[in-house]
Amino acid sequence: QAINATHIAVYDKFGIQDRVIEAVRLWESLGASSAGDPIILYDERAERWFITEFTDPANLLIAVSVTSDPLGIYHTYTFATPEFPDYPKYGLWPEALVVTTNEETGGVLHQYFIDRLALLRGDDEVTMQRVTVTGYENTEAGFFVSTPVDVDGKADPSNKNPITMVLNDASWGAVDQDQLELYEFIIDWKDADATEVINHSLVTQPFDGFPCAASDGFS
């Protein structure tokens, strides 16, 4: 369990707290400090832990455990982003750690793809790609991001291409029916411009994309 700025509590399977870790100690060798929005993932296929958060001015911090022990040694990385990577969301895929962020208006959706296998090996240099797709204006949200689909379990999916998804409410004016937009990415790790994006639209029953939004766009 993690809380902002940033402490991580480790519990056993009976719910008893083992200890609390200050995340800033993970980033000391990088010259970085904790700023918040921590997310922790467990990679069942590799039996490894991923600890993530952001920091100023515009960086994603990622730590990957060397073993399955969450209290053991970690490989640590910092990845620069063009703008502050607010509201990050993560998903694990066979080849990529997928990150989505809020960096501009809702009209642009940002996806990052980080070489998962290189992270697990602890490589000194790890490839990251940034791919944007057109989002949606006129939403009620103060910010609007896509969400990575996360692969759980020990088996790889039949389709290994990462997928992100986002709501598309007909009231925003881009479509006539409420639907989910699924973006599939065929990654070319050597050339980001050659990475292919395939859009799958899934029409749903009518929904209100932001039923609890306040007048300023935040609920």
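Predicted model: local features only at pLDDT ≥ 70, side-chain atom pairs only at ≥ 80, totals over all residues.
Residues are numbered from 1 along each chain as its sequence is written, and side-chain values use heavy atoms, with hydrogens and water left out.

**Exercise 1. Work out the order and direction of the strands in the open sheet that contains E2.**

Step 1. Start with the terms: strands (E, at least two residues) and helices (H or I, at least four) are DSSP runs numbered from the N terminus. Two strands pair if DSSP finds at least two bridges between them.

Step 2. Look at one pair: strand E2 (residues 7-11) is joined to E1 by two bridges, and the two run antiparallel. Within this region, Ile3 stands opposite His7 in E2.

Step 3. Strand E1 (2-3) and strand E3 (17-22) are the edge strands, each pairing on one side only.

**Exercise 2. Decide whether Ser34 is buried or exposed, and find its polar contacts.**

Step 1. Find the residue: Ser34 sits in the loop between helix H1 (24-27) and strand E4 (36-43).

Step 2. Apply the cut-offs: buried means under 20% relative accessible area, exposed over 50%, and partly exposed in between (1.4 Å probe, protein chains only). Ser34 has a relative accessibility of 18%, so Ser34 counts as buried.

Step 3. Search for polar contacts (pairs of N or O atoms within 3.5 Å; within protein, one must be able to donate a hydrogen and the other to accept it, and residues adjacent in sequence count only if both atoms are side-chain atoms). The Ser34 side chain reaches the backbone nitrogen of Val24 at 3.2 Å. With the side chain of Glu53, the side chain of Ser34 makes a polar contact at 2.8 Å.

**Exercise 3. Locate Pro57 and say whether Pro57 is buried or exposed.**

Step 1. Use the cut-offs from Exercise 2: with a relative accessible area of 68%, Pro57 is exposed.

Step 2. Compare sequence with space: Pro57 and Glu83 are 26 residues apart in sequence, and their C-alpha atoms are 8.1 Å apart.
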